[in-house]
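Here's a quick tour of a protein model for anyone new to reading structures. Have a look at the picture first, then work through the notes below.

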Amino acid sequence: MLRDQQIFDIIRKELERQRKGLELIASENFTSLQVMQAMGQVMTNKYAEGYPGHRYYGGCEFVDQSEQLAIDRAKQIFGVPYANVQPHSGAQANAAVMLAVLQPGDKILGLNLSMGGHLTHGSPVNYSGRLYQALFYGVDRESGRVDYDQLEQVALAEKPKLIICGASAYSRDWDYARIRKVADEIGAFVMADIAHPAGLIAKNLLQSPFEHCHFVTTTTHKTLRGPRGGMILMGKDFENPFGIKTPKGETRMMSSLIDAAVFPGIQGGPLEHVIAAKAVAFFEILTDEFTRYANQIIANAQAMANAFLEKGYHIVSGGTDNHLLLIDLRNKNITGRKAEQTLVKADITVNKNMVPFDDKSPFVTSGIRVGVPAITTRGLKEEHMPQIVEWIDELICDPDNEQKIARVKSAVNRFMEQFPLYPELG
Ligand code: PLP
């Protein structure tokens, strides 16, 4: 067969880009080579609608084994009785939970997108804000932390059917117990979307949502360091039927409602090659090496926060408990967009981000989000963080100085040579 050299050349360029840059996008990471190998294999050829042991296609004996391993390992990592590893992405995982427990028009309550929430938590441009009636809570203006009093007030007044916690740009831990208490008062479900900090929760470095939240959703490609994908987990509430009735009037277990919401509810055939790669990532998470990795993420994030604070940067909430920082640049006289564009010219990738009470649009923004999971995978340690902050600061303070950008870029490229990425790929 004629080889598609064009696309392989582009992939090669992407490898070189990843190798030479400082990857500070909080939602990105570098999987192991074996995770990528498990993704690029023959299971992409297989249809397997259904679940292990209950498929709508023949020839599923091996994908059954692989998917069952992924499920068992996911349950083991988080110490939970239920996992569905089929969601194609984090957004799909959230959609499935909502389909399982909500009717169109029901009220949902989530963290405002402009204060760190995710599109799928009720944004008007997303299915969640179009199908359901979305209500929001925010963060406190002074502390930058979730305003649980506001969450409680809105919940008691509006009685949403689902309360969503978790975020894309929030550097603090969550009080899941308090949210569940509010939910119990109004008979609401709680869904924790741990897409960002899941790898830290896996190693007990942050509060566990499983005791308090009915449903926990996550991506598998951020701090979990697996392939792009999603997953739904349930803690002790999984056996609770919650009085939810099928159209035939039978009461069903929550786990079977979630399974049915993923397939056939919102998806067709599962991506069994990606599920195999999830299994490999979960195998890696169960090792001591990953425990060290997760601890190093926190050490690096804190070292980076301290270095920014020393240079007079305003970190929302004053610091971090997890893998990311949200930096409000309003005292630095530069927008988030300009900062992102300038840094990317020097091969430092961050993303512009709204900050709480932002006066700029989502396309401009007043802030940047900076995360350390990817550079921690590359092998960077606390002692490297001040140098990174020094480079970022130099460019943010002088964003139109092309000479300086070129100098920082070549310093970044030389520095990253010390931390080889996929050397096996030549
Ligand atoms: N939930 C949160 C909190 C996220 O940050 C993200 C992605 O950034 C998602 C869900 C969606 O994940 P995906 O991009 O896999 O759909």
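**Strands, a helix and a ligand**

Strand β14 (residues 351-353) and β15 run antiparallel and are joined by three bridges. Strands here are DSSP runs of E with at least two residues, helices are runs of H or I with at least four, and both are numbered from the N terminus. Two strands pair if DSSP finds at least two bridges between them. Keep in mind that this is a predicted model: local features need pLDDT of at least 70, side-chain atom pairs count only at pLDDT 80 or more, and totals for chains, interfaces and linings use all residues. Residue numbers start from 1 along each chain as its sequence is written.

**Around β15**

- β15 itself (residues 367-371) is mostly covered, with five of its five residues buried. Buried means that 20 or more other C-beta atoms, placed from the backbone, lie within 10 Å of the residue's own; 12 or fewer makes it exposed, and anything in between is partly exposed.
- Both faces are covered: Gly367, Arg369 and Gly371 are buried on one side, Ile368 and Val370 on the other.

**Helix α10**

- This helix (residues 272-285) has 14 residues and reaches 20 Å from its first C-alpha to its last, close to the 20 Å expected at 1.5 Å a residue. The expected span is 1.5 Å times one less than the number of residues.
- α10 is mostly covered too, as 11 of its 14 residues are buried.
- Among them are Glu272, Lys278 and Phe282.
- The cover over its buried residues includes α2 (33-39), α3 (61-78), α8 (198-202) and α11 (288-310).

**The ligand's surroundings**

- The ligand is surrounded by 14 residues, the closest being Ser89, Gly90, Ala91, Ser168 and Ala195. A residue counts as near if its C-beta atom, placed from the backbone, lies within 6 Å.
- That shell has three nonpolar, 10 polar and one charged residues. Nonpolar covers Ala, Val, Leu, Ile, Met, Phe, Trp, Tyr, Cys and Pro; charged covers Asp, Glu, Lys and Arg; the others, Gly among them, are polar.

**The whole chain**

- The protein chain has 15 helices and 15 strands.
- Of its 426 residues, 48% count as buried.
- Its C-alpha atoms fill a box of roughly 70 × 60 × 40 Å along the principal axes.

Key:
Two residues are in contact if their C-beta atoms, placed from the backbone, lie within 7 Å.
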